[in-house]
Amino acid sequence: MGRITEDLIRRNAEHNDCIIFSLEELSLHQQEIERLEHIDKWCRDLKILYLQNNLIGKIENVSKLKKLEYLNLALNNIEKIENLEGCEGLTKLDLTVNFVGELSSVQTLQHNIHLKELFLMGNPCADFDGYRPFVVATLHQLKWLDGKEIERSERIQALQNFPVIERQIREQEKAYCLQRAQEKEEALRKMQEEHENQAEKSHPGLDGSWFTDIAATLPSSLDSKDHLQAPEMQEGNNKKKSDDCKDDLEFWNKPSLFTPESRLETLRHIEKQRKDQEKLSEKKKKVKPPRTLITEEGNALNVNEPKLDFSLKDDEKHNQIMLDLAVYRYMDTSLIDVDVQPTYVRVMIKGKPFQLVLPAEVRPDSSSVKRSQTTGHLLICMPKVEEVITVGHQTSKPLKGMSDSSMEQTNKRNKQVERLEVDPSKHSFPDVANIVQGGKHAPRRLRPEPTIIPSEEDPDFEDNPEVPPLI
């Protein structure tokens with residue numbers, strides 16, 4: 001069964017950025033809530049509160065919601081109107097299809113002076129004689145009852161007949177309270193019987209199924225025994241399924257009164273069926289074996305589990321391999337994991353592997369990954385290991401004046417492999433001891449540079465006596 005928790009309120013407060021203290025509108029319908037709690041402490045500024053189609057049995061913990069204007073409690077298990085005096089701003093109250101039998105409890109709404117609309121249709125009190133005049137005469141501030149406007153003449157007539165109508169309502173209330181007490185006793189008795197039946201079914205030894213199951217757990221060395229036990233287990237499972245189907249049909253075909261207890265019983269039965277179905281689905285669910293990415297021999301396989309489009313290009317100009325992977329445009333990059341190996345590349349996308357064997361060996365440490373912000377594509381650049389160096393061969397053009405014989409000689413020289421001539425006597429191991437000689441070498445005398453004396457025959461020569469001679 002559901003409960004009102006802080007997490008539940010935050011999940012239903014997305015329109016307010018999940019902030020609950022300033023929340024003005026909250027919808028908690030169809031949450032199987034059995035009790036009203038915590039709302040008056042966490043959401044003091046609430047103006048609209050939807051709690052329809054739950055299992056709430058009592059109005060409580062809402063008296064501190066001073067700003068509350070609309071409260072919807074339709075399709076619940078409420079039997080009495082109470083604890084709404086503190087909701088000073090309440091203008092609309094919906095209690096459609098509940099179990100309100102004490103019609104006199106509407107007198108507690110006299111303190112809600114701003115209450116204009118009230119819905120009580122579908123409640124036991126709505127079948128009482130004098131129901132509408134009693135409510136109209138009790139709540140003077142009310143303008144609409146069950147979607148129908150209250151006219152002035154109707155109110156005057158209800159006030160005139162109020163003493164008689166009130167007496168009739170009290171008598172019908174007493175009869176209804178006695179009937180409800182009997183229904184509660186009957187529901188309690190049925191619940192005890194069901195618990196006893198379940199205890200008997202779960203007790204060992206009443207049916208022979210437990211004894212047959214014990215034999216199945218004993219170790220057996222013969223394959224024939226195991227072969228015989230398998231059909232017995234299948235028969236037991238089929239029998240159990242048929243019993244469950246019978247119980248389900250019996251439950252839905254059984255006549256029952258429309259009471260809070262019957263609603264709770266129905267919900268528990270549905271919840272039990274859901275749990276049994278989940279257990280069966282978990283048993284049937286087969287564990288998917290992990291996908292093989294690398295064989296036992298160590299060979300990588302091509303895998304495209306995410307089923308993405310891709311293109312692989314060999315860029316000879318930059319000596320690299322480029323992989324363009326069409327990743328989903330709006331996927332978060334944190335869900336992508338790239339692993340580049342020398343012979344293959346692997347990309348994990350939301351846990352699904354994409355693996356591709358490369359045509360040449362690459363350098364993982366020099367690889368780079370980029371992602372487009374517009375298309376979402378993933379571009380992986382992987383440099384190759386071999387560095388191919390291409391050298392252009394220069395062909396010499398023959399001169400016009402060269403003869404055919406000289407051209408043939410040059411072609412022969414080009415074809416011949418030139419090798420360095422090395423004296424074999426020089427191949428001996430050097431003498432380390434004679435590397436540094438003991439004697440002192442005389443300093444070398446530098447040759448004087450020849451002086452260039454200008455000749456008188458030079459036309460630019462001028463004999464100036466003031467200039468000293470060059471040394």
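Analyst: Happy to. Two strands pair if DSSP finds at least two bridges between them; helices (H or I, at least four residues) and strands (E, at least two) are DSSP runs, numbered from the N terminus. This is a predicted model, where local features need pLDDT of at least 70, side-chain atom pairs count only at pLDDT 80 or more, and totals for chains, interfaces and linings use all residues. Residues are numbered from 1 along each chain as its sequence is written, and side-chain values use heavy atoms, leaving out hydrogens and water.

User: Which order do the strands of the open sheet have?

Analyst: The 7 strands are ordered β1-β2-β3-β4-β5-β6-β7, with mixed pairing. At the edges, β1 (25-27) and β7 (148-149) each pair on one side only. Strands β2 (residues 48-50) and β3 (residues 70-72) run parallel, joined by 3 bridges; Leu49 has Leu71 in β3 as its bridge partner.

User: Which residues touch the most other members of the largest nonpolar core?

Analyst: In soluble globular proteins, nonpolar side chains tend to be buried together. A nonpolar core is a set of buried (under 20% relative accessible area, 1.4 Å probe, protein chains only) Ala, Val, Leu, Ile, Met, Phe, Trp, Tyr and Cys residues joined through side-chain atoms within 4.5 Å. Here, Leu71, Leu84, Leu93, Leu103 and Leu118 touch the most other members of the 51-residue core. Helix α3 (131-138) is one of the elements giving two or more residues to this core, and α3 gives the most, 5 residues. A second, separate core has 19 residues, including Leu325 and Val340.

Notes: Buried means under 20% relative accessible area, exposed over 50%, partly exposed in between (1.4 Å probe, protein chains only).
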